[in-house]
Amino acid sequence: MTVKNRLRKIRLTMDITQTEMAQLLEVTQQQYNRYERQKTQPSLEIALRIEKKLNQRDIFYLAD
C-alpha cells in the first residue's frame with residue numbers, strides 16, 4: 001500500500017500557486033512540490049499540521 005494525497009486538487013480548488021500553498025503550510029516551495037508530486041511524504045507531524053491548516057481531513061490516504 002502507498003500513501004497518496006489530494007494536495008494538488010485542493011490547491012487548484014483554492015486557485016492558488018504552489019508557492020502560495022507552501023507559504024500557507026509553512027514549508028518551502030520545493031518541499032511542497034515534492035509532496036504534491038508524491039515524490040516524498042511528509043512526516044506524520046507535518047501531515048497533521050497540513051490537515052489542520054487546511055481545515056480538512058482525509059488529505060492523505062492509503063492506495064493499493
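A nonpolar patch here is built from residues with over 30% relative accessible area and no salt bridge, joining nonpolar side chains (Val, Leu, Ile, Met, Phe, Trp, Tyr) within 5 Å; like charges are joined within 9 Å. A salt bridge means a side-chain nitrogen of Lys or Arg within 4 Å of a carboxyl oxygen of Asp or Glu. With that in hand, M1, V3 and L62 make up a nonpolar surface patch of about 330 Å².

You're looking at a predicted model, where local features need pLDDT of at least 70, side-chain atom pairs count only at pLDDT 80 or more, and totals for chains, interfaces and linings use all residues. Residues are numbered from 1 along each chain as its sequence is written, and side-chain values use heavy atoms, leaving out hydrogens and water.

**The whole chain**

- The protein chain has 4 helices and 2 strands, where helices (H or I, at least four residues) and strands (E, at least two) are DSSP runs numbered from the N terminus.
- Starting at the N terminus, the elements go β-α-α-α-α-β.
- With a radius of gyration of 11 Å, close to the 11 Å from the globule rule for 64 residues, the protein chain is as compact as a globular protein of that length. That radius is taken over C-alpha atoms, and the rule is 2.2 Å times the number of residues to the power 0.38.
- Along the principal axes, the C-alpha atoms fill a box of roughly 30 × 20 × 20 Å.
- Of the 64 residues, 34% count as buried; buried means under 20% relative accessible area, exposed over 50%, and partly exposed in between (1.4 Å probe, protein chains only).
- Among contacts between residues at least 6 apart in sequence, 57% join residues at least 24 apart, a contact being heavy atoms within 4.5 Å.

**The surface**

- The accessible surface of the protein chain is about 4500 Å², and 48% of that belongs to carbon and sulfur atoms. These areas come from the Shrake-Rupley method with a 1.4 Å probe, and for residues only the protein chains shown count as cover.

- Helix α1 (residues 7-14) has L7, I10 and R11 as its buried residues. They sit on the same side of α1, because they cover an arc of only 100° around the axis; the arc is that of the directions from the helix axis to the C-beta atoms.
- On the face turned away from that buried side, you'll find the exposed residues K9 and T13.
- The cover over the buried residues of α1 includes β1 (2-5), α2 (18-25), α3 (29-36), α4 and β2.
- R11, in helix α1, is buried with a relative accessible area of 10%.
- Leaving aside residues up to four places away in sequence, R11 touches I16, T17, Q18, M21, Y32 and E36.

- Most residues other than glycine have a negative phi.
- N55 lies in the loop between α4 (44-54) and β2 (60-63), and is exposed, with a relative accessible area of 70%.
- D58 is in the loop between α4 and β2, with a positive phi of about 60°. D58 is exposed as well, at a relative accessible area of 56%.
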